[in-house]
Amino acid sequence: MRKIIATLVLLVGFAFQGNAQKVKTVALEQTEGEFTQKSITLSEGTYVFEIANNEVGRDVGFVLAPEGKTDQANHIKNAYVTSLVKKNGKSKTKEVTLKKGKYVYFCPLNPTPQYTLTVK
């Protein structure tokens with residue numbers, strides 16, 4: 001019985017470790033009125049976005065939406081930062097699973113243009 005329990009504990013541990021390794025972080029930086037990264041190309045998968053506020057004179061955020069569907073109803077809610085990004089600070093999103101297609105990212109608080117994120 002102990003061997004079975006030990007084996008189950010190991011399998012569960014490996015499953016969690018495998019999932020953790022599949023999540024990738026995408027670091028983005030905002031300056032006054034823009035993101036420094038003008039476009040991004042990613043593979044299908046699960047991502048966390050880390051947003052940095054570099055000397056913007058206000059708190060900033062992050063919006064990710066399918067291309068052509070940028071109204072609030074279509075925002076990918078897990079892609080919102082978990083807290084507003086203070087001047088010279090950073091904040092992350094929850095995990096976001098992206099499928100093939102085109103998306104846009106922007107910050108309405110900064111405000112920035114809409115930039116293209118392509119998932120291949």
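Thr118 has its place in strand E9.

Strand E9 covers residues 115-119 and runs antiparallel to strand E8, residues 101-106, with five bridges joining the two. One of the residues concerned is Gly101, whose bridge partner in E9 is Val119. The sheet as a whole is open and has four strands in the order E3-E9-E8-E5, with mixed pairing. Strand E3 (39-42) and strand E5 (63-66) each have a single partner strand and stand at the edges, so one side of each is left without a neighbour in the sheet. From one strand to the next, the twist averages 25 degrees.

The wider chain may now be considered. The protein chain holds one helix and nine strands, and along the sequence these elements follow the pattern α-β-β-β-β-β-β-β-β-β. Among contacts between residues at least 6 apart in sequence, 62% join residues at least 24 apart. Of the 120 residues, 34% count as buried. The accessible surface of the chain comes to about 7400 Å², and carbon and sulfur atoms account for 56% of that area.

Glu55, in the loop between strand E4 (45-53) and E5, has a positive phi of about 65 degrees although it is not a glycine. Its relative accessibility is 47%, so Glu55 counts as partly exposed. Asn88 lies in the loop between E5 and strand E6 (90-92); this residue, likewise not a glycine, has a positive phi of about 65 degrees. With a relative accessible area of 49%, Asn88 is partly exposed.

Finally, the confidence of the prediction must be taken into account. The pLDDT averages 89 over the protein chain, and 82% of the residues score at least 70. Over residues 3-12, however, the pLDDT is below 50, and this stretch has zero contacts in the model beyond near neighbours in sequence. Where pLDDT is low, predicted coordinates should not be read in detail.

Definitions and conventions. Residues numbered from 1 in each chain as written. Predicted model: local features only at pLDDT ≥ 70, side-chain atom pairs only at ≥ 80, totals over all residues. Heavy atoms only, no water. Buried < 20%, exposed > 50% of the residue type's maximum accessible area, 1.4 Å probe, protein only. Contact = heavy atoms within 4.5 Å. Areas by Shrake-Rupley, 256 points an atom, 1.4 Å probe, with all protein chains shown as cover. Pairing = 2+ DSSP bridges. Axes fitted to C-alpha atoms, helices over the stretch in contact; angles between N-to-C directions. pLDDT = per-residue confidence, 0-100.
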